[in-house]
Amino acid sequence: MLSYQTDRSQYPATGPDGKLEIDLESGKYLKLWQGPNHPGITGNMSVELTVCGDEVVEGKTHVGYLHRGFEKLMERRSFIQVFPIVCRVCVPEPDFNEYCYAAAVEELSGIEVPEMANWIRTLILEMGRFNSYMMYMGGQSGSMGLGIVGQWMTYVRDLMLDRFEELTGARVYHMFIMPGGVRGHLPEGFEDRMEGVLKTAERYLDDVEKVMFRNAVFKRRTKGTGYIDPALFEAYGVTGPNARAGGVAKDVRKDSPYLVYDQLDFDIPTATDSDIYARADVRYRDLRETIGLIRQILQKMPKDGPVMAKLPNVMHWKIPRGETYIKGESSRGEFGYYLVTDGSGYPRRINVRGPSYTHAMALLEHLIPGTNISDVAGLLVSLHTYPPEIER
Amino acid sequence: MSLRDVFSPYTAWKHVFEPPVTIKDPIGREASDIYRGFHQNDQDTCIGCGSCEVICQNAAIDMVPVTDPKKGDSGLRPVIDYGRCCWCALCVDVCMTGSLTMSNEYTWVESDADAFRFIPGIDAKSWDDKEKGYKRENNERRLAATERVDMRMMSVEERGDNFEEMVFGYSREEAVLEADRCVECGLCVSTCPVHMSIPDYIAAVREGDYDQGLQLLYETNPFSEVCGRVCTHKCEDICAAAHGGDAIAIRWLKRHIIDEVPMERRLELIKKPDLPVTGKSIAVIGAGPGGLTAAYDLARSGHKVVVFEALDAPGGMMRYGIPEYRLPYDALDRDISVIQQMGVEIRTNTRIGTDISMDDLHSQHDAVVMSVGLHISRSTRIPGCEAPGAENAIELLRRFTNGEDIPVPEKVVVIGAGNVAMDIARTMGRLQKKKYGKVGTTICARKDISMFRADKEEIEESLEEGIEIIELRAPQEMMLHEEGDKKGCVSCLRTWKVVPGWDEKGRFAPGYEQDDVKIPADMIVEATGQQADVSLLGETLTEALEWNRGYLQTDSMGRTALPWLWAGGDAIKGPDVVNAVADGHRIAQSINHYLGEKGGTQ
């Protein structure tokens, strides 16, 4: 059996101020950058690693490669003009931004969204979750050298993008959930085509289970790796599957239901090991739940009805003074928009709470020491981070 | 971990026998039916309002001139920069006419980078006629309210027998809601004869800044209170919001501003500018909207202005032509009192040509403005039109305004299809209702109702009030009673059926069926057009001036052939208050220019 046990004497000692004393001149350590251009990194960020042999002794998250100042861009635009930007805060699962922003604006301006629009919004959020998990599955297996899952998942995700395209008019940035409702109804025959995608997805997921989850190498490398002590959850603001893999059955969809989640039947998968494998497993099972949710929504949703509330003239739309925080359960955890209005035609402040901020910055830096260098990518992916939402 | 975990991954090999999941050539793939691809713009429906330019959050759209402006079309069209566009389609959603759409085309290869800045619908593209692509659902405009806030009015029962003002005006809440619908395209500004700052004063209503609103009104129109009630509002005909919805109630919003500012505040806000006195003197003949506007401008420029009015009170047709239920005399008086505050002297009961000669006016003043209005009714000249019971509308309205007793018989027939016909019919209808408890007035017109010159609202309200409208009947004779008490008086109107037709130039040239249908009447009122009373000019001046089909000829600034004489208002070209106000401004500007050249201001 291979062992990663290293010579403890090579570890840096803790100095009197409680910090590690790393003397780069000693020749014992090496600085290594993983990212920003690296297949083992999730998007445009990087981790500055200090390694001792193949053991990571310190890791530091660096962001800034993607900073477009979204929150400030939003604060300089009228309320309707913000709507096309928000999706860009998170590329793989953009719809949460659209929903949270729209719901915040609706709450502060007292707009009631038609029932039909709420169902379509829920459908879109679940379709987004489906895509996000698909990307995760591919990334998680890919980071362990299992490239085939990534190819399958990209294919299945592409089929879902086709559904997005016919429903919203775009594949990636849908710009469909608008303050007031959604932009349109389901196209004819959508349910059947969606069922086709879901069936294909299930078929490939069966294979994923065999190739990834019942894989000796994958198990060996992920079980026990990247353990997050559940005691840390509260302090580090860990939410979503990262927390559920540690036995915390928290889910905004259940805990404070929004949209039509109170009318839907679904479980919150949990695990107890809190390692990479447990997190992958929780996501895999949640993806199965998502497939079930999409079926339920299409079956239960009303067949017709208005999808947009009456809006004031958006060209000079002013919203009374107020503030609100709208949250939802994204595929990565609690996602939220904090919106402050001051009675003018522009948002006074918008703050985006993306789960990646806490997971990939504070938590990752805490988890990384002691990891084997080849597991860093897997660890990073297992936290399911999307750098754009770190850099709003 | 078990042995199964070692072998299980090998099951993936079965995919070797399945078709590949990647597409070999994604370029030829057609996008979905509502894909947000390249823009299309239907040139026939685009009005160049620029809403797309305003809403674009990337400033990817600029409006550029492509044709000459037309009625209700700015002549501008959006040019889109694909270097900036993010395909959000807000421009499509906000489009006032639905002309801007997106095709589902998404590939475009060019070697010239500037080609991606193009004018959809003008720069021909292969996707111009493509039907698939993003269009808004049912072509509904959802980004603003499309329905007008209803104006509260007296019911027919409430207003049928009295002359109280029938329109109540908007409350603040209603006005703000209505003002909210405006997209500030400014098409109305170019249509308004005086180019009122309509989007700006509507914005003032939204902001609740009525002082600002009032000042904006007075920048262009000293008769805003009158126009806020009776303007023919051509601005509303071309309003961008009228496409797929109701036009903004521009007239009512103007009135709302005036209603919200108390008179004392109005006099405070509209002060005479602190300009030196020029020592020049100008005479204005006729205290109607044209003459008084010229007087207002000229007095504010520092000149002495005297307005001569033949009738008892100033206002011209605004007072003597428009009934009080549409325009209360108080409202008119308030507008006039602001003008008087500028130092304008109004001499009523002074008829030029009788009380003062034109020569005297010329010798005593540096310039003379003639704005005498159209106070003589044109007659149909059908047999019987001189008989007792035959009246003309203008004179009847004037007598009624003056408080004289006018006959109110049970059956009245009005000949005409313009606003004057509606005014006299509704006036007579009210008097009949008061006297007999029922309305017995009929309007008889040669044209069909869609061709009536009267405002639509006037026609609708007339019908509501019980006025009968008989269209497509040409009056032939006013028949008289042959015996009895009423011998020699009007008994009925003999008419022919009109068969509509048009000549080769598109003018109305109907045929007739001589069916001699008689419409019984105790009184027949002719409201078939008016003309100006130019007898005041005298023979010498009449000969010295230029005429065109009976109208005094002026240039675009109101100058006549004589250097000291200007003319404007209804008497020159009409047809309404706001056009007369525009004339007044132009005349004042021209006189200022003339006086400046002549001697300079002192």
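# Chat about a two-chain predicted model

Q: Start me off in chain B: over how many bridges do β3 and β5 pair, and in which sense?
A: Strand β3 of chain B (residues 76–81) and β5(B) pair in the antiparallel sense, over 2 bridges. Bear in mind that this is a predicted model.

Q: Ok. Which residue is the bridge partner of B:I80 in β5(B)?
A: B:F118 is the partner there.

Q: And what sheet do they belong to?
A: They sit in an open sheet of 3 strands, ordered β2-β3-β5 in chain B, with antiparallel pairing. β2 (61–65) and β5 (117–118) of chain B stand at the edges with a single partner strand each, so one side of each has no neighbour in the sheet.

Q: Now the 5-strand sheet in chain B. What's the order, and is the pairing parallel or antiparallel?
A: The order is β8-β7-β6-β9-β22 (chain B), the sheet is open, and the pairing is parallel. At its edges are β8 (345–347) and β22 (565–567) of chain B, each pairing on one side only.

Q: How much does the twist average from one strand to the next?
A: The average is 20°.

Q: Zoom in on β6 and β7 of chain B. How many bridges do they pair over?
A: There are 5 bridges between β6 (residues 281–285) and β7 (residues 304–308) of chain B, in the parallel sense. As an example, B:V284 has B:V307 as its bridge partner in β7(B).

Q: Which helix packs on that sheet?
A: Helix α13 of chain B (residues 289–300) does, touching β6, β7 and β9 (367–370) of chain B. The direction of α13 makes about 165° with that of β7(B).

Q: Switching to chain A. What's the reach of helix α6 from its first C-alpha to its last?
A: Helix α6 of chain A (residues 190–213) reaches 32 Å with its 24 residues, close to the 34 Å expected at 1.5 Å a residue.

Q: Which of the α6(A) residues are buried?
A: The buried ones are A:M194, A:V197, A:L198, A:A201, A:Y204, A:L205, A:V208, A:V211 and A:M212.

Q: What covers them?
A: The cover for the buried residues of α6(A) includes α4 (115–142), α5 (147–168), α7 (216–222) and α11 (276–300) of chain A.

Q: How many residues does each chain put into the contact between A and B?
A: Chain A puts in 31 residues and chain B 33 residues. On the chain A side, the elements giving two or more residues are α2 (79–86), α5, α6 and α7 of chain A. The largest share of that side is from α5(A), with 5 residues.

Q: And how do the chain A residues touching chain B divide by type?
A: They divide into 15 nonpolar, 7 polar and 9 charged.

Q: What about domains in chain A?
A: The domain assignment gives domain 1 (8–62) and domain 2 (70–389). The C-alpha centres of these two domains of chain A lie 31 Å apart. Their contact takes 18 residues from domain 1 of chain A and 19 residues from domain 2 of chain A.

Q: Which strands supply at least two residues of the domain 1 side?
A: β4 (46–52) and β5 (55–62) of chain A each do. β5(A) gives the most to that side, with 7 residues. By type, the domain 1 residues touching domain 2 of chain A divide into 7 nonpolar, 7 polar and 4 charged.

Q: One more area: where is A:R348 found?
A: A:R348 is found in strand β10 of chain A (residues 347–353).

Q: What is A:R348 in contact with?
A: Leaving aside neighbours within four places in sequence, A:R348 is in contact with A:V340, A:T341 and A:D342.

Q: How do β9(A) and β10(A) run, and how many bridges join them?
A: They run antiparallel and are joined by 6 bridges. In β10(A), A:R353 is the bridge partner of A:G336. The hairpin of β9(A) and β10(A) has 5 residues between the strands, and A:G343 there takes a positive phi near 90°.

Q: And β8(A) with β9(A)?
A: β8 (residues 322–330) and β9 (residues 333–341) of chain A pair in the antiparallel sense over 9 bridges, and the hairpin joining β8(A) to β9(A) goes through 2 residues. A:T324 has A:L339 as its bridge partner in β9(A).

Definitions and conventions:
Residues numbered from 1 in each chain as written. Chains lettered and ligands numbered in written order. Predicted model: local features only at pLDDT ≥ 70, side-chain atom pairs only at ≥ 80, totals over all residues. Pairing = 2+ DSSP bridges. Helix = DSSP H or I, 4+ residues; strand = E, 2+ residues; numbered from the N terminus. Axes fitted to C-alpha atoms, helices over the stretch in contact; angles between N-to-C directions. Contact = placed C-beta atoms within 7 Å. Expected span 1.5 Å × (residues − 1). Buried ≥ 20, exposed ≤ 12 C-beta atoms within 10 Å, placed from the backbone. Nonpolar A, V, L, I, M, F, W, Y, C, P; charged D, E, K, R; others polar. Domains from an automatic or database assignment.
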